Amino acid sequence: MTPALEVIGLNKRFGGLPATKEVSLTVMPGERRLIIGPNGAGKTTLFNLVTGDLTPDDGSVKLFGQELLKLPTQQRVHLGLSRTYQILTLFPKETLCHNVVLALLGLHTVRWNMWTYLSGQRALYDTAREALAMVGLGASADRTVAETSYGERRRLEMAMALAQKPKVLLLDEPLAGLSQEERGQVRDVLARVPRDVTIVMIEHDMDSALAFAERITLLHYGEVIVEGTRAEVVADPRTKEVYLGE
Amino acid sequence: MSRSWIWLVIAAIALLAVPLVVRNEFYLNLASQILIYALLAVSLNILLGYGGMVSLGHAAFLGLASYAAVLLLNAGLGHLASAVLALAFSTACGAVFGMLALRASGIGFLMITLALGQIVWGIAYRANTITNGDNGLRYAERPHPFGIDINHAPHFYWFTLAVFAIALFFIWRLSRSPFGAALQGARDQPRRMRMLGHNVWLIQWLAFVLASFWGSVAGLLFVYYNLFISPHAISLQQSAEVLLMAILGGASTLTGPILGAIIITLVKNVASTYIDRWNSLLGAIFVIVIMFMPFGIVPGVRQLWLRWRAPRKQARAA
């Protein structure tokens, strides 16, 4: 079977500092993969290399067998790649609904139309409201982002990515900065994501993340140190050493 | 009928009635000039307000269209053919300029547009054999669109108003369209927009081409009005003034640049007959407005209006 996402020998240096060193990983379709590692391990850099925000020095990134590195970010999205950001990047003055509509527009040819009213695109707005309802924000669709809580914004990030019906979804610390209750809400959202979506997630909250992940990759100083099933990685002494602490 | 429609109808009637009320030809011609500069400012605002791209070379398109129209007419083409070809030429230059300017963003973008604007000005100034240098070129006579004589001030005003209205309508539709939403998204979060599947470069380039097209239309009106074009009309000062119009009135709105064009054109033409230092007056107006209304007059007044109304609305609700 073709892997959903395949990273081979990926190298990226910032000046003299290697951010990723010969990183390779293979994620199969439908898999839930967790990427862990201490701060500065290169987790977000890895995402940025996969999405095209950064260009690697060498290596290869394949989505369902297709090489991505020559493609600009937006074309990778059209092939079925979506992500959320650790640092929220939303449109604060716009309504939640408009934020999701912008996400939907990105994959819709009507985005080039300079004449018709955007507000007349009923189908887009209906789909956007459905996506918001899926993350429990159905009632807040017409509020602006500025009027929402941090937890709601995290879920909006998720709604924007999910609305695009991606094949591979990259989640960069979706639980960061959330209360216990909000974490529960995000976990429920994740549990409801259909199995035809492959999920790769960076997360620090081990309790939530471990329950979710099937396979785990541990990064340290830009290198893959340990990779395996949940049990294998947790049991590995190197995991304890670099991440969980003595 | 909604309230905005009523306002639109009132504004349209008021603008159409200007020649009936303003009998003095000097002031009526001033009104035509205001419309031309308002169109130039509104076209620049596609870049500035909706796209977040600050251009200091927008007068280049006024110049490219004007010079092209004169040269084509002198070469023996008709009014219509030279107008169409001048617009095509100027917009094509806009397409190339856009590609160059969009190599950078922010200050870099501004500097490239400034340089391109200065190149156009420099060619107009130095290429004597083609452009007649500092002396400029004459456009033989105003055209007769659809057989209508636009030589008289009221007729020219209505002609300009018609073109202006069409342009404003297109730009208004643009601002409400999916493309307009994507352009504003690319202004606020370019990286996120890419990650949502939008081609940010292409969006911004198309906006640049559109801005140069409508700027070129203003250039045609300019040369029809003055029947003359010289490098002074496309100097850096001119580009800066257009930018000032948009910022003064409020770049985040459709109507702001129009108000900015009214104020600046009036100060330049009317106040300058009473005050020698009209540039200082303009500077003072700009500083005062920006101090109290950092986003320009139209958004500032709107905010004041909402603040004034809010307590009254609450009182009524209670």
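Colleague: In what sense do strand β1 (residues 5–14) and strand β4 (residues 58–63) of chain A pair?

Modeller: Strands are DSSP runs of E with at least two residues, and helices are runs of H or I with at least four, each numbered from the N terminus. Two strands are said to pair if DSSP finds at least two bridges between them. β1 and β4 of chain A are joined over five bridges, and A:Leu5 has A:Leu63 of β4(A) as its bridge partner. The sense of the β1 and β4 pairing in chain A is antiparallel.

Colleague: What kind of model is this?

Modeller: Residues are numbered from 1 along each chain as its sequence is written, while chains are lettered from A and ligands numbered from 1 in the order in which they are written. Local features need pLDDT of at least 70 and side-chain atom pairs count only at pLDDT 80 or more, whereas totals for chains, interfaces and linings use all residues, since this is a predicted model.

Colleague: Which residue takes a positive phi in the hairpin of β4(A) and β5(A)?

Modeller: β4(A) is joined by two bridges to the antiparallel strand β5 (residues 66–67) of chain A, and within this pairing A:Lys62 stands opposite A:Glu67. The hairpin has two residues between the strands, and the residue with a positive phi, near 50 degrees, is A:Phe64.

Colleague: Which helix gives the largest share of the side of domain 1 of chain A that touches domain 2 of chain A?

Modeller: By an automatic or database domain assignment, chain A divides into domain 1 (1–80 + 167–246) and domain 2 (90–165), whose C-alpha centres lie 26 Å apart. Counting residues as in contact if their C-beta atoms, placed from the backbone, lie within 7 Å, the contact takes 13 residues from domain 1 and 12 residues from domain 2 of chain A. On the domain 1 side, α2 (73–78) and α6 (180–192) of chain A are the elements that give two or more residues. The largest share, five residues, comes from α6(A).

Colleague: How many residues does α8(B) give to the side of chain B that touches chain A?

Modeller: The contact between the chains takes 24 residues from chain A and 19 residues from chain B. On the chain B side, α7 (153–176), α8 (178–188) and α9 (190–195) each supply at least two residues. α8(B) gives the most, and its count is six.

Colleague: What is the radius of gyration of chain B?

Modeller: Chain B has 14 helices and two strands, and 47% of its 318 residues count as buried. The globule rule, 2.2 Å times the number of residues to the power 0.38, is set against a radius taken over C-alpha atoms. The rule gives 20 Å for 318 residues, and chain B is as compact as a globular protein of that length because its own radius of gyration is close to this, at 20 Å.

Key: Two residues are in contact if their C-beta atoms, placed from the backbone, lie within 7 Å. A residue is buried if 20 or more other C-beta atoms lie within 10 Å of its own, exposed if 12 or fewer, and partly exposed in between; C-beta atoms are placed from the backbone.
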